[in-house]
Amino acid sequence: MVTMLQTLKKCTTRIGLGLVGAAALTTMATPFIADASPVHAAEIGAKHVSCPPATTAKYDPEYGVPASLVGEDATTTTKNAGTPYSSIQCYDASGQLVAYGNDAILYTFPASALAPLGEKLYQQNCASCHGTKADGVLPKATGTGYPNLRGLGPATINFWITTGRMPAADPKEVQAARKPPRLNPFQANAIAAYVNSLEPAAPGIPSVNVAGANQTTGQVLYALNCAACHTITGGGDALANGTYAPSLHVATATQVAEALRIGPGNMPVFSGNLTDDEVRDITAYVTESIAKPSDIGGVGMGGLGPVAEGFIGLALGVGILMLVSFWVGERQ
Ligand code: HEC
Ligand code: HEC
């Protein structure tokens with residue numbers, strides 16, 4: 001009998017330790033990285049990048065950038081870092097820059113022909129808060145201070161509309177939440193075309209060549225630059241003063257690249273410090289690995305995030321261990 005009890009106690013301890021161990025493993029588990037593709041250099045004249053139809057491609061920044069478009073971006077002299085200072089520039093017949101980028105990301109300005117439609121949509125959906133001229137000025141200045149939208153660039157307008165943050169549900173909210181978008185991508189483009197026509201600016205709307213990405217580099221860069229706020233699993237986390245870094249499980253590749261280049265809300269702007277190559281690698285890692293983690297075993301807990309999952313693991317593990325110990329103890 002004594003030996004049986006001892007064996008039982010040993011087993012219990014092992015099961016308990018096993019559970020705690022499993023919880024710890026769940027906490028530490030990072031998404032599995034598929035085979036890394038070779039480092040892909042974005043370079044001048046890259047074959048797969050094609051400028052929009054009816055534009056002329058120029059494969060060198062020495063051709064210059066229209067002064068009206070440069071603005072503050074001119075201060076970022078890092079080539080291929082989201083500004084028109086990029087390897088590839090696409091000009092239309094009238095000499096206007098309609099897209100720029102490189103092998104990793106092509107940034108496009110929505111067609112100016114969409115601006116009249118965009119103006120209508122803007123007046124219906126945005127003017128009540130951002131002013132009829134998109135300058136953030138309302139008829140009777142109430143001091144509420146809705147942001148001025150001029151000169152932000154199409155990527156900013158596109159990001160806030162396509163993630164459903166705009167039109168805002170409640171302007172008094174600390175942070176506009178992501179929600180199903182009220183306007184479709186075409187309408188978002190039209191509004192971006194209109195707002196950009198008032199004060200042209202970069203960045204354009206990024207389309208990311210995720211196929212050519214190196215996800216191993218992406219994972220390292222993600223851990224260094226993003227995990228502090230969004231957590232290593234991309235589940236998101238609370239920040240100071242009622243703000244939060246949202247989950248990264250639903251953002252599209254374009255939205256991830258936009259977020260990095262524009263820095264929405266309390267997120268920092270990653271402009272000159274990350275090249276387009278690096279942004280592409282991070283984007284691929286976020287949309288391919290974090291958003292669709294391969295099943296590495298263990299119990300699914302609905303992606304609550306490492307802290308919550310760790311607590312559940314601990315509570316279950318230690319709790320069961322305690323219950324069994326009480327039971328064993330009473331028998332003696
Ligand atoms: C009900 C009021 C309201 C409406 C309508 C509205 N917005 Fe906003 N908008 C806000 C508020 C408030 C913020 C600040 C939100 C935050 O910081 O989270 C904001 C922020 C933004 C930003 C970010 C500005 C920046 O400096 O980063 C953009 C871009 C934007 N809105 C675009 C739009 C567009 C485009 C529309 C129409 C489709 C629209 N908004 C409709 C209230 C509104
Ligand atoms: C200082 C904290 C912080 C860091 C660092 C940070 N973010 Fe964010 N991020 C935020 C906040 C806050 C928001 C929400 C902004 C808002 O809605 O007003 C956000 C929003 C986003 C979104 C939009 C998600 C959605 O579904 O709408 C993406 C994508 C994103 N971040 C990716 C990244 C990546 C990738 C990195 C690393 C290169 C990063 N962030 C670094 C705080 C941060």
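How many bridges join S3 to strand S4, and in which sense do the two run?

1. **Overall make-up.** Please keep in mind that this is a predicted model. The protein chain has 11 helices and 7 strands. Of its 332 residues, 35% are buried. Among contacts with a separation of 6 or more, 73% link residues 24 or more positions apart.

2. **The S3–S4 pairing.** Here is the reply to the opening question: S3 is joined to strand S4 (residues 105–108) by 3 bridges, and the two run antiparallel.

3. **The S2–S3 pairing.** Strand S2 (residues 88–91) also pairs with S3, in the antiparallel sense and over 4 bridges. Tyr91 is found opposite Leu97 of S3. S2 and S3 form a hairpin too, with 5 residues between them. In its turn, Gly95 has a positive phi of about 85 degrees.

4. **Where S3 sits.** Strand S3 (residues 97–101) is largely enclosed by the rest of the structure, because 5 of its 5 residues are buried.

5. **Around ligand 1.** There are 22 residues around this ligand, and those that come nearest are Cys126, Cys129, Met166, Pro167 and Ala168. Helix H4 (127–130) and helix H5 (154–162) are the elements that give two or more residues to this shell. H5 provides the largest share, 4 residues. Sorted by class, the shell around ligand 1 holds 16 nonpolar and 6 polar residues, with no charged ones.

6. **Around ligand 2.** Which residues are closest to ligand 2? They are Cys226, Cys229, Ala259, Gly265 and Met267, out of 28 that surround it. At least two shell residues come from each of helix H8 (227–230), helix H9 (253–262) and helix H10 (276–290). H9 gives the most, with 4 residues. By class, the shell around ligand 2 counts 18 nonpolar, 8 polar and 2 charged residues.

7. **Ligand 2 and the domains.** Why does ligand 2 lie between domain 2 and domain 3? Domain 2 (56–109 + 204–290) and domain 3 (114–195) both contribute residues to its shell, so ligand 2 lies between them.

Key
Residues are numbered from 1 along each chain as its sequence is written. Chains are lettered from A and ligands numbered from 1 in the order in which they are written. This is a predicted model: local features need pLDDT of at least 70, side-chain atom pairs count only at pLDDT 80 or more; totals for chains, interfaces and linings use all residues. A residue is buried if 20 or more other C-beta atoms lie within 10 Å of its own, exposed if 12 or fewer, and partly exposed in between; C-beta atoms are placed from the backbone. Two residues are in contact if their C-beta atoms, placed from the backbone, lie within 7 Å. Two strands pair if DSSP finds at least two bridges between them. A residue is near a molecule or strand if its C-beta atom, placed from the backbone, lies within 6 Å of it. Ala, Val, Leu, Ile, Met, Phe, Trp, Tyr, Cys and Pro count as nonpolar, Asp, Glu, Lys and Arg as charged, and the others, Gly among them, as polar. Domain bounds come from an automatic or database domain assignment.
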